[in-house]
Each structure stands twice: as structure tokens, then as C-alpha cells.
Amino acid sequence: MSRRRLARRLAALAGFEEPRAALEQYATPPDLAAHVVHRADLAGDLDSPVVDLGAGTGVLAVGAALRGAGVVGVDRDPAALATARENAATAGVAADWVLGDATRVPLCVTDPVTVLMNPPFGAQAGNEHADRAFLATAADIAAVSYSVHNGGSQSFVESFVADNGGTVTHAFEATVTLPRQFEFHDADSRDITAEVYRVEWCQS
């Protein structure tokens, strides 16, 4: 399946019915999800089991499953996971969905996995640096991770990764359009710059 066709398949999936601002629940754009999955596939990273941390409605997980990966999606919001299950059924793929905190993964991981994640950026008061805990989980369980971060995160990501025995191998920018979905939004939509990082972690 080509990247463009994958993006079209992902565009047909349902989003959050009642997104929660405290959890920064924004759907991963189909084009971005398809790009991340496509790169992971080309690198051979989908040959390992895939864990989608903070899976939300399952866009990244379903994308990986459409490329043939075995997938587990973890999220703390049962409503989001219900939508993720429906999305997997819509796409005709199999995936396992686990209700739990993605920063304290309730999984028995015996072999390194590939982590795909679009963690909270930490833009909400009281939730600053939320992506740090997601990276820490990836450092614990992953051989490779792909993560989406707010623009301007390069120094933080590179420093955190280096301090935790990893190496940033690839990075690219992407424009993400955030729709108006919360009361504090003052425009119909807003374009922000996001950064995607591929990290190889040293697993002992």
C-alpha cells in the first residue's frame, strides 16, 4: 500500500467524539500518520511488534497494522479506545487495545519493540513536559521509537535521548492543523509546526 493510499485509508477513521483538553486529545493528521508509518516500514521497524503509546483513536496503530505490523495500542481514556477498536474494525485490521497509563505501561514486554507515539505536547497548565514521560517509557521498552513533538523541541529531545542511552537518527518537520475543538480556541483552525524524531534506544 502506497503512502498516499495509506493516508486516504486513515482519513476515513473516526476522531475523538468528546476530546479532553486536559489530555490534549488532538487526532494525528492522516498525512502525518501515514508518513511516520511509511518511514518506519521502509526502515524495517515494523518487523518488530509495535506499541502505540497514548493511542487515542488509533490512527498510528491502525496505520501500522495496515502495513502488516502486529500492534498494541495503549491509552488511559476508555472512550478513545472504544473508537480505536471501531477504527480497526473499519480498516479491517487486528490490533490489541490496552486501557492504561502510557507512561506506566501495563504490558509484559520481554523483547524490544517499535514505539509509535504522538504524545501530549505539554501545552496545558499543569501538564508541562508531558512528552518527557512518554520518551522515558520508550527508552524502557523500545529498540526504536518515532515520536511527534511541538516545534522547538530539538534541544530537549536530543538531550533527553542522549542522557538515556539513545541516538536520534532522523528528524523532520511537519505542519499540523489543529481544529477548533476547545473553548479556549479563538480561531477555526491553527497551523503549528511539529517535529518527528526517530530514536534508536540501547536495550541491555
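The crossing of helix α1 and helix α3 is right-handed. Before I go on, note that this is a predicted model.

Let me stay with this pair. The axes of α1 and α3 come within 10 Å and cross at roughly 135°. Angles over 145 degrees would count as roughly antiparallel and 65 to 115 as roughly perpendicular, so this pair falls among the rest, the oblique ones. That makes α1 oblique to α3. Which residues make the contact? On the α1 side they are Leu6, Arg9 and Leu10, and on the α3 side Val59, Val62, Gly63 and Leu66. By class, that is five nonpolar residues, one polar and one charged.

Next, α1 with α2. Helix α1 covers residues 3-11, and helix α2 covers residues 30-42. The two pack at an angle of about 135°, and their axes are 8 Å apart. They are therefore oblique to each other. Their crossing is right-handed. From α1, the contact takes in Arg3, Leu6, Ala7, Leu10 and Ala11. From α2, it takes in Pro30, Asp31, Ala33, Ala34, His35, Val37 and His38. Sorted by class, there are eight nonpolar, two polar and two charged residues in this contact.

The remaining pair is α2 with α3, the latter being residues 59-66. At what angle do they pack? The angle is about 45°, with the axes 9 Å apart. That makes α2 oblique to α3. Here too the crossing is right-handed. Ala33, Val36 and Val37 in α2 meet Val59, Leu60, Gly63 and Ala64 in α3. How many charged residues does this contact have? It has no charged residues, with six nonpolar and one polar.

What classes make up the lining? Five of the lining residues are charged, three are polar and three are nonpolar.

That is what I have for today.

Key. Residues are numbered from 1 along each chain as its sequence is written. This is a predicted model: local features need pLDDT of at least 70, side-chain atom pairs count only at pLDDT 80 or more; totals for chains, interfaces and linings use all residues. Side-chain values use heavy atoms; hydrogens and water are left out. Ala, Val, Leu, Ile, Met, Phe, Trp, Tyr, Cys and Pro count as nonpolar, Asp, Glu, Lys and Arg as charged, and the others, Gly among them, as polar. Axes are lines fitted to C-alpha atoms, for helices over the stretch in contact, and angles run from 0 to 180 degrees between N-to-C directions. Helices (H or I, at least four residues) and strands (E, at least two) are DSSP runs, numbered from the N terminus. Angles under 35 degrees count as roughly parallel, over 145 as roughly antiparallel, 65 to 115 as roughly perpendicular and the rest as oblique. A crossing is left-handed if the near helix is turned anticlockwise from the far one by less than a right angle, and right-handed if clockwise. Contact means heavy atoms within 4.5 Å.
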